[in-house]
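Thanks, everyone. Please bring the structure up on the screen, and we'll begin with a helix contact.

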Amino acid sequence: MKTWLNGHLLQSPGEPSISALDHGMIVGDGVFETIKIEAGEPFALTRHLARLVRSAEGLGIGKPDIAAIREGVAATIEGQELPFGRIRVTVTSGPGPLGSPRGSDGLTQVVITEPCDRPPSVSAIATVPWPRNERGALAGLKTTSYAENALMVEHAIARGGSEAVMPNTAGDLCEGTGSNIFYVIGEQLITPTLSAGPLAGVTRALVLEWCAGELDVVERDAPIEVLDTADEVILVGTTRDVQGISRVDGREVAAPGPVTQRAQEIWAREAAKNVDP
């Protein structure tokens with residue numbers, strides 16, 4: 001694991017380096033991206049950094065220095081054996097007072113890169129009773145205010161799942177805490193619309209683009225109970241890629257089903273062509 005902070009490579013990831021008054025810690029005032037590493041190269045880095053900018057500007061903390069962050073990504077990858085790994089880019093509003101108003105000392109920018117295990121191609125999920133607010137101030141932004149997600153994931157893990165999936169305030173299927181969800185009815189591959197409140201996932205967008213010519217794939221909203229009868233269920237995300245789901249709460253689901261397998265094949269083929277699609 002290697003860490004870069006505001007232009008400097010740290011000697012150790014645990015080295016004291018950020019102010020105790022940083023607003024990212026005080027009130028969770030920041031944004032982030034997680035980027036997959038395949039064979040030592042960051043995957044879809046340009047798309048992830050573009051979303052980082054959108055999130056930061058949407059949160060009102062200003063525009064991150066993308067050129068500097070790219071240097072941080074390169075510096076933290078260099079010298080590491082990374083057949084598979086992840087990069088965490090975090091940008092906060094910087095040091096501030098103990099209350100909610102922000103300070104004026106500039107952004108804190110951090111890049112951490114580490115090797116990690118590849119998730120399995122099949123997993124299980126649990127639904128949660130707490131909704132995502134599709135009309136909230138943070139809707140569609142990838143912020144560091146993740147305590148709600150942490151609680152949901154623990155709820156899912158306690159029930160044998162690796163991810164929690166939630167409705168929105170209208171009761172429609174929304175997203176996972178760190179993933180987007182697709183499901184299959186018949187031969188149609190379906191995912192909630194962005195107006196339902198999910199994050200505009202990079203993997204989600206690529207699945208929609210790459211599968212459009214070969215599968216019947218649509219964006220459509222439905223009550224979260226659609227997972228009770230869906231023929232197949234799929235999670236997509238930065239390190240999950242296209243992951244079949246074998247159990248939703250207590251219900252067993254065929255995984256990977258035929259549509260899931262086809263989507264996985266398309267993903268593998270297209271992702272191999274370009275690490276920065």
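Which residues in α2 meet which residues in α3? In α2, Leu45, Thr46, Leu49, Leu52 and Val53 meet Ile66, Ile69, Arg70 and Val73 in α3. Contact here means heavy atoms within 4.5 Å. Helices are DSSP runs of H or I, at least four residues, and strands are E runs of at least two, numbered from the N terminus. That contact divides into seven nonpolar, one polar and one charged. Ala, Val, Leu, Ile, Met, Phe, Trp, Tyr, Cys and Pro count as nonpolar, Asp, Glu, Lys and Arg as charged, the others, Gly among them, as polar.

A word on the source. This is a predicted model, where local features need pLDDT of at least 70, side-chain atom pairs count only at pLDDT 80 or more, and totals for chains, interfaces and linings use all residues. Numbering runs from 1 along each chain as its sequence is written, and side-chain values use heavy atoms, with hydrogens and water left out.

Now the pockets. A pocket is an open set of points on a 1 Å grid over the protein atoms alone, where a 1.4 Å probe fits, with protein on both sides within 12 Å along at least five of seven lines; lining residues have an atom within 4 Å of a point. The largest pocket has 50 lining residues, with Lys142, Tyr146, Thr177, Gly178 and Ser179 nearest its centre. Its lining splits into 16 nonpolar, 22 polar and 12 charged.

The second largest pocket has 17 lining residues; Lys36, Glu38, Arg118, Asp241 and Trp267 lie nearest its centre. α6 gives the largest share of that lining, five residues. By class, nine are nonpolar, three polar and five charged.
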